[in-house]
Amino acid sequence: KTRECTNSDPWGAHGKDLAVLARATHRREEMYLIMKTLWQRLEEREEKWRHCYKALNVIEYLIAHGHESILKELKRNVRTIEYLDSFAFKDAAGRDQGVNVRRRAAVLVALLRDDQKIAEVRTRAERNRGKYGGISAEDVRSGQYRAEDGGANDRFGGSWNRDGDGRGERDRARESDRRLE
């Protein structure tokens with residue numbers, strides 16, 4: 001998963017993949033494998049600048065959502081991230097892609113050196129955990145999401161968007177809109 005989250009694709013890692021990595025940091029052996037791959041990705045240069053940039057994004061996610069031991073590992077090796085302040089790469093069109101890496105690295109170094117800020121980030125992440133959820137195609141195929149229930153089912157604690165009349169908020173809003181027409 002770590003390599004998948006730090007590949008060369010022009011888009012970022014999927015939130016579900018990042019969550020899998022964050023949960024894996026609770027197991028010592030897996031945490032070390034994740035960190036080994038991230039440290040290797042931070043060493044990549046030139047055309048592989050996205051590997052480095054995405055590794056920094058994964059690190060940022062793990063600071064907020066990973067096990068506490070990840071913080072110790074990152075703080076011990078903060079100099080590796082700090083060295084990226086001189087990262088340079090210009091693509092074929094002459095655009096400075098290194099600026100993305102330099103900025104992200106600077107933000108992470110500042111964060112890793114501020115325990116109070118880390119605590120705030122982790123607290124905010126904990127408060128928001130479970131607040132945002134999505135519906136995947138697999139959820140629909142497996143029956144986890146049922147449109148006739150307005151998307152609510154036991155997985156989410158019952159019919160959260162239904163009132164006693166069996167209609168959801170969207171249904172009532174549509175009726176209200178029709179009356180205004």
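Rings of Phe, Tyr and Trp (its six-membered ring) count as a pair if their centres lie within 6.5 Å; planes under 30 degrees apart are stacked, over 60 edge-to-face, and the rest tilted. The model is predicted: local features need pLDDT of at least 70, side-chain atom pairs count only at pLDDT 80 or more, and totals for chains, interfaces and linings use all residues. Residues are numbered from 1 along each chain as its sequence is written, and side-chain values use heavy atoms, with hydrogens and water left out.

Reader: How many aromatic pairs are there by this rule?
Author: The rings of W49 and Y53 have centres 6.4 Å apart and planes at 50 degrees, so they form a tilted pair. By the rule, the count is one aromatic pair.

Reader: Is W49 buried or exposed?
Author: Buried means under 20% relative accessible area, exposed over 50%, and partly exposed in between (1.4 Å probe, protein chains only). The relative accessibility of W49 is 9%, so W49 counts as buried.

Reader: Is α4 roughly parallel or roughly perpendicular to α8?
Author: Helices (H or I, at least four residues) are DSSP runs, numbered from the N terminus. Axes are lines fitted to C-alpha atoms, for helices over the stretch in contact, with angles from 0 to 180 degrees between N-to-C directions. The axes of α4 (residues 49-65) and α8 (residues 115-128) come within 7 Å and cross at roughly 80 degrees. Angles under 35 degrees count as roughly parallel, over 145 as roughly antiparallel, 65 to 115 as roughly perpendicular and the rest as oblique, so α4 is roughly perpendicular to α8.

Reader: Which residues of α8 make the contact with α4?
Author: Contact means heavy atoms within 4.5 Å. From α4 come L62, I63, A64 and H65, and from α8 come I118, V121, R122 and A125.

Conventions. Helices (H or I, at least four residues) and strands (E, at least two) are DSSP runs, numbered from the N terminus.
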